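Here's a quick tour of a model, written for someone who likes to follow the packing. Have the viewer open as you read.

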Amino acid sequence: MLQVEEAEMADKLKPDELAAARSKLRGWTIENGETQLKRSFKFKDFSEAFGFMSRVALLADKADHHPDWSNSYNKVEIVLSTHDAGGLTQKDVDLAGKISALV
């Protein structure tokens with residue numbers, strides 16, 4: 001039964017849901033054929049960027065939904081996608097909202 005519930009939660013967003021996500025998530029872009037949410041963050045220095053990444057890691061782990069990301073000194077780039085759904089799901093939108101609330 002649990003596997004069925006997880007599969008339902010991983011449904012790709014419909015076009016109207018993508019449009020709602022696009023207007024709700026300021027600073028995030030929907031890219032790669034509407035399969036990824038992407039945002040870049042810039043901080044004062046490496047320590048601040050790393051602290052942000054640590055807070056995101058805790059959120060992601062709690063949500064059991066982990067970003068693809070990169071860090072270069074004071075810059076962090078985050079890409080969200082639900083790989084097993086082949087695109088964006090509500091899990092991506094929810095995590096993006098929580099990440100945005102950190103800054």
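## Around F52

Leaving aside its neighbours within four places in sequence, which residues is F52 in contact with? In this predicted model, the list runs F41, F43, V76, I78, I99, L102 and V103.

F52 also turns up in the largest nonpolar core, a set of 22 residues. Along with W28, L37, I78, L80 and I99, F52 is among those with the most contacts inside that core. Helix 3 gives the largest share, with five.

## Helix 3, side by side

Let's stay with helix 3. Its 18 residues stretch 25 Å from first C-alpha to last, close to the 26 Å you'd expect at 1.5 Å a residue. A49, F52, M53, V56 and A60 are the buried ones. Looking down the axis of helix 3, those buried residues sit within an arc of 100 degrees, so they line one face of the helix. As background, an α-helix has 3.6 residues a turn, so residues three or four places apart point the same way.

What do the buried residues of helix 3 pack against? Their partners are strand 2, strand 3 (68-72), strand 4 and helix 4. Over on the other side of helix 3, you'll find S47, L58, D61 and K62 exposed.

## The ends of helix 3

At the N-terminal end, D45 does the capping for helix 3, with a side-chain oxygen 3.3 Å from the backbone nitrogen of S47. Just past helix 3, D64 adopts a positive phi of about 55 degrees.

Strand 2 pairs with two other strands here. Strand 1 (residues 29-31) runs antiparallel to strand 2 and is joined to it by three bridges, with I30 opposite L37. These two strands make a hairpin with four residues between them, and N32 in the turn has a positive phi of about 55 degrees. Strand 4 is also antiparallel to strand 2, this time with six bridges, and V76 of strand 4 stands opposite F41. Both F41 and V76 are on the F52 contact list, too.

Technical notes
Residues numbered from 1 in each chain as written. Predicted model: local features only at pLDDT ≥ 70, side-chain atom pairs only at ≥ 80, totals over all residues. Heavy atoms only, no water. Core = buried A, V, L, I, M, F, W, Y, C linked by side-chain atoms within 4.5 Å. Buried < 20%, exposed > 50% of the residue type's maximum accessible area, 1.4 Å probe, protein only. Contact = heavy atoms within 4.5 Å. Expected span 1.5 Å × (residues − 1). Arc of directions from axis to C-beta. Polar contact = N/O pair within 3.5 Å; in protein donor to acceptor, adjacent residues only side chain to side chain. Pairing = 2+ DSSP bridges.
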